[in-house]
Amino acid sequence: MDDNIQATILAVDDEPSNLNIIAGYLKSMPIKLLVANSGEKALTVTQSTMPDMILMDIRMPGMSGIEVCRQLKSSPKTADIPVIFLTASDGDVSESFAAGGVDYLVKPVKSEELIARVNTHLKIRKLVKSLAQANSLLEGVNESLEAKVQERTRELVALNRNLRREVDERRRLQDKITYLSEHDFITRMLNRNAMESELDIALDGVGESSSTRHYLLFIDLDQFKVINDTCGHIAGDELLRQVADTLRAVTDKQDVCARMGGDEFAILFSSEDMGLAIAKTRAVKTALEQQEFTWQEEQFQHTVSVALVEIDNSIDSVSHLLSIAERTCYYSKIKGGGEISVFNASRELIEKSQKQAKQVPIIRQAIAENRLELHAQRILSLHDASEKKAEILVRMKNEDGSLKLPGQFIPVAERFHLIDSIDRWVLSHLCQWLAKNPTDASFCVNLSGDFIAKDSACEFITNLLREYRIPKGQLCFEITETSAIANIDTTVRFVNTLHQTGCEFALDDFGTGTSSYEYLKKLAIDYVKIDGMFVRDIDKDPINRKMVESIAAIASAKGIKVVAECVENDAAKAILSDIGVDYIQGFCEHRPEPLPGLCSQFKMQQEHA
Ligand code: C2E
Ligand code: MG
Ligand code: MG
């Protein structure tokens, strides 16, 4: 009940004078007064007007006030209306409270008492009403809150379910991707990648156990290509699957089998010794060859080439191991006859040595028959474009006229001590040529440690200089760091002696040795040639750039000129020029060519200048 809304009070009494008294007393109050002169009328008026309070006489003819009150309290619609009884005696009090009355006044009613009670109960009524309203409001809020919570819970449950489904799906996909990345699609065996990881682990563990050794069995199907080409890829795939099944059946549980690609399979296994490993290899080979392959009623017999490699510490990487296995298997294939090839590190070394030894008479004969040829590559000054400088690089002419590069015969010549003869050949032929074709260009000649170590080396050169009247400063000798270190005292003497004749010296392949800077102090050299490994990708590798920068800084502090080898592109050239390198040499400027060709170019350059 709002303060602004007038309260309605119903006064019930069968005695009109009593009603008048009440009306008179309440006149001063801001209320609307209704009256009824019987219990029955009181009920009717209450239903139609819903008063805020009833002042009720108890004793009335017909329906008593107590009965009216009981009926009002029994209906939810009217139960809350406060009823104050007007009674002539205290004796009715307990009955009136039992019927639901809130208070009572004893007649004759006093004005102040009536007004005070009416006010009090109107206030209580108002408070109760607003409490009820607040309660129902709260209930409403609670209900909508509850509904919202339930709705959100439903949403979360649904979201959770979707999320779980998605996580499961992703996990399945991840497993699938992992499986696919490690397995071969056709045979469901491990693939090359996965096998490489296993081999890596095996290599790491080499030497850990003295009783077991690891072996790699490499298998190549000899007739796979024929079956694939004549019966089609489906047949080829089926053959691969059957081979995989056979391998699974003949190998042990702990063996690692993989399809390495194409028609190659591999098994990594451990065994106590080579004898047992060979026996196992034989069993695998027999099982594969006994397996008959039938396709569209045609039967195919097939053979396999196998190689067995013991994984020991002579093998430094997985790629090394696989290249040995593939090569050994290839030998087995070209040998035919279905034998097992077994790789053995010491045998390989002996074979390599034997192969090199076979080269010795060929090189010797080439020197004797003058089948060496002088080629030269320009070395460009970054300060003076007119400077003419080149490095002499030797080539060997085969009997059929084709050329061998130094990489194919110099290492053999060094190992079998033929390099000294090659250096002498190069020096004397160069000097002869220069005597016949005078030029103001200067030439760098590579000298081996073997040559420098010979007592006669200095004399050999001084004789040539004298005999062919080679001008001072026309020759520069390149000594590699490794050969210089091998016999440092001899090298120091050699350099000092020849310096006096006007020859220059360069430390070649600089940076590849471990203590390069040491030798800058000991040797009176004029140039350092920074090895190609630091120069080739200087435009991409910041560490190499730093290396070159530091070599250049130290060399120039000592008054030594810097040559960068293997300059292959303009970007590298620009960086080297920024660093302050003095000379560059490389394919981006000039590829080695026969000496006469380069000298004609020098001549033309001179004429144009
Ligand atoms: P080196 O003295 O370091 O010679 C430079 C090598 O790098 C030459 O190889 C040259 O062709 C190559 N080269 C030059 N520019 C580039 C480039 O931009 N990129 C790449 N990738 N390579 C480049 P070559 O002629 O095959 O000679 C190889 C090595 O053989 C020489 O290395 C030298 O140590 C040795 N050698 C050559 N001739 C003689 C010789 O007369 N006596 C001796 N003792 N050794 C020689
Ligand atoms: Mg050189
Ligand atoms: Mg070099």
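Donors here are N, O and S atoms within 2.8 Å of the metal (3.2 Å for Na, K and Ca), and water is not among the atoms, so sites may look incomplete.

**Entry 1: ground rules.** I am working with a predicted model, where local features need pLDDT of at least 70, side-chain atom pairs count only at pLDDT 80 or more, and totals for chains, interfaces and linings use all residues. Residues are numbered from 1 along each chain as its sequence is written, chains are lettered from A and ligands numbered from 1 in the order in which they are written, and side-chain values use heavy atoms, with hydrogens and water left out.

**Entry 2: the two magnesium ions.** I looked up the ions first. The magnesium ion (ligand 2) and the magnesium ion (ligand 3) sit 4.0 Å apart, and aspartate 508 coordinates both.

For ligand 2, I found Glu391 (OE), Asn446 (OD1), Glu478 (OE) and Asp508 (OD) coordinating the magnesium ion at 1.9 to 2.3 Å. Along the chain, these donors follow the spacing E-x54-N-x31-E-x29-D. Glutamate 391 belongs to strand E15 (residues 389-397) and glutamate 478 to strand E18 (residues 475-480), so this pair ties together parts that are 87 residues apart in sequence. Strands (E, at least two residues) and helices (H or I, at least four) are DSSP runs, numbered from the N terminus. I noted that glutamate 391 and glutamate 478 are both buried. Buried means under 20% relative accessible area, exposed over 50%, and partly exposed in between (1.4 Å probe, protein chains only).

Aspartate 509 is in strand E19 (residues 504-510), while glutamate 565 is in the loop between strand E21 (561-564) and helix H21 (570-579), 56 residues apart. I wondered: is glutamate 565 buried or exposed? At 10% relative accessibility, glutamate 565 counts as buried, whereas aspartate 509 is partly exposed at 25%.

**Entry 3: helices H15 and H17.** Next I turned to helix packing. Two packed helices are described by the angle between their axes and the distance between the axes. Helix H15 (residues 457-467) and helix H17 (residues 488-499) pack at about 20°, with their axes 10 Å apart. Axes are lines fitted to C-alpha atoms, for helices over the stretch in contact, and angles run from 0 to 180 degrees between N-to-C directions. H15 and H17 are therefore roughly parallel to each other (angles under 35 degrees count as roughly parallel, over 145 as roughly antiparallel, 65 to 115 as roughly perpendicular and the rest as oblique). Ala457, Cys458, Ile461 and Thr462 of H15 make the contact with Phe494, Thr497 and Leu498 of H17; contact means heavy atoms within 4.5 Å.

**Entry 4: helices H8 and H9.** I then checked helix H8 (residues 233-250) and helix H9 (residues 274-290), which pack at an angle of about 140°, with their axes 10 Å apart. Val243, Thr246, Leu247 and Val250 in H8 meet Val284, Ala287 and Leu288 in H9.

**Entry 5: two single residues.** Leucine 595 is in helix H22 (residues 595-608) and, at 2% relative accessibility, counts as buried. Leaving aside neighbours within four places in sequence, I found leucine 595 in contact with Leu374, His375, Ala376, Ile392, Leu430, Trp433 and Phe443. Alanine 557 lies in helix H20 (residues 542-557) and counts as exposed, at 69% relative accessibility.
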